[in-house]
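User: I have a model open here and would like to talk through how it is put together. Could you take me through it piece by piece?

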Amino acid sequence: MARSLSNILLKGVAVFPAARSSKMVSESFYYNGTRYSTTVPHDPDTHEDFRPTSKLESSGLSLKDIVEQDVKDNPVMIYMKGVPDLPRCGFSSLAVRVLKAYNVPLSARNILEDPELKNAVKSFSNWPTFPQIFIKGEFVGGSDIILNMHQTGELKEKLKDVSTEQE
């Protein structure tokens with residue numbers, strides 16, 4: 001009886017999507033309509049050694065400096081809702097699909113994880129909406145602008161000297 005119960009549990013875990021994934025994309029996920037969270041923010045029962053930390057906060061740089069460094073160091077930088085492998089809105093998904101068509105290295109930050117980062121990016125670019133795409137240090141715009149540039153051939157010209165070898 002115990003063996004069959006453990007087999008049922010193991011089979012249940014094997015079909016659980018997070019068990020097959022080697023990386024967790026966000027701090028929460030949904031399975032069969034139920035939301036599961038991988039963090040326990042501000043829980044007094046959680047020891048501080050096990051509380052989640054923000055890599056941005058622990059870097060010692062201001063958010064403005066982080067945005068400037070991201071834009072300077074990455075030939076194609078996108079601030080988006082979600083991550084390129086799992087966009088969390090249609091506009092971010094569209095921008096990623098268009099950029100991936102050019103086979104260029106794509107760096108991204110998920111603005112949903114940090115509202116302060118979101119505000120820092122908005123003030124850096126003077127642009128209110130997301131996604132925000134920067135190419136070779138220059139703010140280009142959002143998904144509608146990237147799509148328009150793709151359709152006119154302007155995006156191909158802008159990305160011509162950005163190769164996948166720079167990754």
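This is a predicted model: local features need pLDDT of at least 70, side-chain atom pairs count only at pLDDT 80 or more; totals for chains, interfaces and linings use all residues.

User: How much of the chain is buried?

Analyst: Of the 167 residues in the protein chain, 29% are buried, where buried means under 20% relative accessible area.

User: And what share of the contacts comes from residues 24 or more positions apart?

Analyst: Such pairs account for 52% of the contacts in the protein chain with a separation of 6 or more.

User: Let's go to the core. Which residues have the most contacts inside the largest nonpolar one?

Analyst: That core has 16 residues, and those with the most contacts inside it are Ile-78, Leu-99, Ile-133, Ile-135, Ile-146, Leu-155 and Leu-159. Strand 3 (76-80), helix 5, strand 7 and helix 7 are the elements that give two or more residues to this core, and the largest share, 4 residues, comes from helix 5.

User: Switching topic, at what angle do helix 4 and helix 6 cross?

Analyst: The axes of helix 4 (residues 63-73) and helix 6 (residues 115-125) cross at roughly 65 degrees and come within 9 Å, and the crossing is right-handed. On the helix 4 side the contact is made by Leu-63, Val-67, Glu-68 and Val-71, and on the helix 6 side by Glu-116, Leu-117, Ala-120, Val-121 and Phe-124. By residue type, this contact divides into 7 nonpolar, no polar and 2 charged residues.

User: Which residues of helix 4 are buried?

Analyst: The buried residues of helix 4 are Leu-63, Ile-66, Val-67, Asp-70 and Val-71. Viewed down the axis of helix 4, they fall within an arc of 130 degrees, so they line one face of the helix. Lys-64 and Lys-72 are exposed on the other side of helix 4.

User: And in helix 6, which ones are buried?

Analyst: Leu-117, Ala-120, Val-121 and Ser-125 are buried in helix 6. These buried residues fall within an arc of 115 degrees seen down the axis of helix 6, so they line one face of that helix. The face turned away from the buried side carries the exposed residues Pro-115, Glu-116 and Ser-123.

User: Now the backbone geometry; where is there a cis peptide bond?

Analyst: A cis peptide bond joins Phe-130 and Pro-131, with omega about 10 degrees, and Pro-131 is found in the loop between helix 6 and strand 7. As background, most peptide bonds are trans, and most residues other than glycine have a negative phi.

User: Which residue has a positive phi of about 60 degrees although it is not a glycine?

Analyst: That is Asn-126, whose place is in the loop between helix 6 and strand 7. Asn-126 is exposed, with a relative accessible area of 68%. Lys-136 also is not a glycine and has a positive phi, of about 50 degrees, and Lys-136 is found in the loop between strand 7 and strand 8. At 43% relative accessibility, Lys-136 counts as partly exposed.

User: Last one, is Pro-105 buried or exposed?

Analyst: Pro-105 counts as buried, at 9% relative accessibility, and its place is in the loop between helix 5 and strand 6 (107-110). Pro-105 and Met-77 are 28 residues apart in sequence, and their C-alpha atoms are 8.9 Å apart in space.

Methods: Residues are numbered from 1 along each chain as its sequence is written. Side-chain values use heavy atoms; hydrogens and water are left out. A nonpolar core is a set of buried Ala, Val, Leu, Ile, Met, Phe, Trp, Tyr and Cys residues joined through side-chain atoms within 4.5 Å. Buried means under 20% relative accessible area, exposed over 50%, partly exposed in between (1.4 Å probe, protein chains only). Axes are lines fitted to C-alpha atoms, for helices over the stretch in contact, and angles run from 0 to 180 degrees between N-to-C directions. A crossing is left-handed if the near helix is turned anticlockwise from the far one by less than a right angle, and right-handed if clockwise. Contact means heavy atoms within 4.5 Å. Ala, Val, Leu, Ile, Met, Phe, Trp, Tyr, Cys and Pro count as nonpolar, Asp, Glu, Lys and Arg as charged, and the others, Gly among them, as polar. The arc is that of the directions from the helix axis to the C-beta atoms.
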